[in-house]
Amino acid sequence: MKRKETLENVVLILRRERRKSMSFERNVYEAGFAIALVCFNESRNSWCQLKRLQSSLSSVSNSKIQIPARVERGPTDILNALNRTVPSDPIKIDYVYHDDPFLLPTKKQDFRKYTLSYEAGIKAAMWIHEEHGDLFPKHLSEPEIQAFKSFPTYTDESQVSEELLLQVISQCRISEAVHIYKVLKNKVSNEAKQSLLELLCFHNDQTSGMQTNFYFERFYHKIATVATWKYSAEIDELYEFLLKQDSLTAAAAYNAMICGLVKCSKPENAWQIFNKCSEADVPLNVTSYNSALLAIPAIMGKKNASKIQHVYDILRVMNKKGVKPNVKTLNAALRVFVQPPLENCSKYVKKILVEYKRLNIQFSLATYYYIILPFHGEGKSTHQDFLYILDTIKDEHFTIQDSADIKFFPQAMSLAYFYNDRSAGDQVHKLLHTGNNDKFLATETVQTTYYSTYILLLLATSTVDQFFYWYTKFVPSNHVPNIRLFTTILNNLELHVPEVVVKYILRIWSDLYAFHPKEMSLKVAAMRLMNIDILPAVSPLRTAFTNAALSWWKDIKEEIDEKLLSNSTRNWTPPIETNVTGCIAKMLLQGGYSEETIEVLQYTVKELHLFVPTMREKQVLELFDRCILAECIEAALLLLEYSVIVGFPHTVKMCTRLQTLPELTDNDRDRLINLVGVDALNVSDTTSKEIN
């Protein structure tokens, strides 16, 4: 209690002294000293301890306390601070569905459906916001989010201004900008008209003012969208007007038109304007020269000498006029040389790289893509050049500067696979995960190509254990293998001893069932690798393999029953082969499921018109021997019936084995007679007696 009262007195002293505007250092000193005395009286510390305490307090009192300057905080700073406390998700995907192992999509097409439906909801909300802005009169966001503000409808010239027009142009709102321009009745400055012309030229292929730049929509777009130039009255009007103004204004209009036409797949029209400007000595900017370089392959066709000459001519003109090139100039020139590769393209590539290195221009990933693009055609002699490039850019953080930047990583991994160089592949993968370089896997096609190639490289250069270590890391969080890749993995796994195969075949089977449930050829290949014979009788894997066969048979049976009930088998192409059902029957028999084995064979034999008869004689005899060993006579008889129907020559041999079985009943003998006839049965009986 005494200690508590003393501490309360300390607090009162601090408050009183603060009101007297005493220095903060003195407050700290007296408070610290009073607390030290309390601690001393309570614990009865030694005199030496007190001396040390006083000495430390004295040093505190003599030091000057630096109060940090006030840091201005924004309304979202606390959210950013909280966000940094959350561990990063290894899947690294934006929220599109519940991140729960039991709720994640299990099929590749479901990934696409979920993400696109997520963005479809956003697009629907944007459309409602665009069409019914009157329903959103309040702005409750803090800070105010510009995208949430409904765009007002302007009908009178007094409601708009040139400043508003420039603001809308800066936001790339195309339809609103054109509407405001019309309301202003073209009464704006030449600078505003130039800005509007540039907007309409660069975004000519976008007919709507609504933003369509959705990540997953672009990510899953397999076919590259080619922008197409769409003629409009506004563009023609602005362009013709600006050409009649002073020379600088006209030059700016020419620049905008050249860039817009090249971007929207009109290289011929852009080339005409470019030649006109060159003849009239109209000043062009670096973007227009870059666009002219991009137009050369379409203009010159297969005239390789003309392509090279025009590239050098444009670069000389830029140098003469003092137009400093940038990395896009370099990339556009390289693209002419290597896509498709010209004869001796390496000579031109090295020459131009030396010049741009001298200008101290930082290369982008597209630059390195164009450098390594011809390496495939030049053979494995380019291996050391490729390794030198990888060493040059290791640990480097890249930013997107060119649309071709996203092509580097698939091409680099393809070269690593071409050279069969695991270390090069690992180096490319390490570069991908340096900083934010993984953003360059910007589309599904690019991502699929990259990871498929890397997995193939790992498969070719790793042990089975090493490969499946990486396989479990990549699938399905980063990549869902396609049918071709799964086939390659199964073919490679088949080369190993059964003891190794059984460790990993169940994982492959579960992935096949999740990602390609209708692909029978893959399931057959996987089922053949499920060798139960080498497993102990109580092994969990034996049960898992048998359950896999049961699950597959259930799916097949449901499909067959559906066709039988609907009586729609006349025009039905049988998707199931008898070697599949034979494989399933073998798995079930090995697992001790005799009744289910009989059911599979009954469907196979009695409804043979629903199957493709692909079960060969070797497979039938192997399964027949297993039925005999398991004393499953009914299954053996069904296999004999199948052999008779198909016309295999080994039916007499099968009859001979069946007749010698003590488990064979009179009814079974009658079935044998019905299947092969009395003569064949007598022949087999005679043969068996001679053997005995």
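This is a short walk through one predicted chain, from its overall make-up to a few local details.

Ground rules first. The model is predicted, so local features need pLDDT of at least 70 and side-chain atom pairs count only at pLDDT 80 or more, while totals for chains, interfaces and linings use all residues. Numbering runs from 1 along each chain as its sequence is written, and side-chain values use heavy atoms, with hydrogens and water left out.

Overall make-up. The chain has 33 helices and two strands. Those are DSSP runs, numbered from the N terminus: helices are H or I with at least four residues, strands are E with at least two. Of 692 residues, 40% are buried. Buried means under 20% relative accessible area, exposed over 50%, partly exposed in between, with a 1.4 Å probe and protein chains only. Now contacts, meaning heavy atoms within 4.5 Å. Among those between residues at least 6 apart in sequence, 69% join residues at least 24 apart.

Next, the annotation. Ser265 sits in the loop between helix 11 (247-263) and helix 12 (267-279). Its phi is positive, about 60°, although Ser265 is not a glycine. Ser265 is partly exposed, at 35% relative accessibility.

Lys185 also has a positive phi of about 60° and is not a glycine. Its loop runs between helix 7 (174-183) and helix 8 (190-202). Is Lys185 buried or exposed? Exposed, at 54% relative accessible area.

Two cis peptide bonds now. Gln339 to Pro340 is cis, omega near -5°. Pro340 lies in the loop between helix 15 (327-338) and helix 16 (345-358). Val475 to Pro476 is cis too, omega near 0°. Pro476 lies in the loop between helix 23 (464-474) and helix 24 (483-493).

Last stop: helix 27, residues 540-566. Its 27 residues reach 39 Å from first C-alpha to last, close to the 39 Å expected at 1.5 Å a residue. The expected span is 1.5 Å times one less than the number of residues. Which residues of helix 27 are buried? Among them are Phe545, Ala549, Trp552, Trp553, Ile556 and Ile560. An α-helix has 3.6 residues a turn, so residues three or four places apart point the same way. The cover over the buried residues of helix 27 includes helix 25 (498-515), helix 28 (578-590) and strand 1 (576-577).
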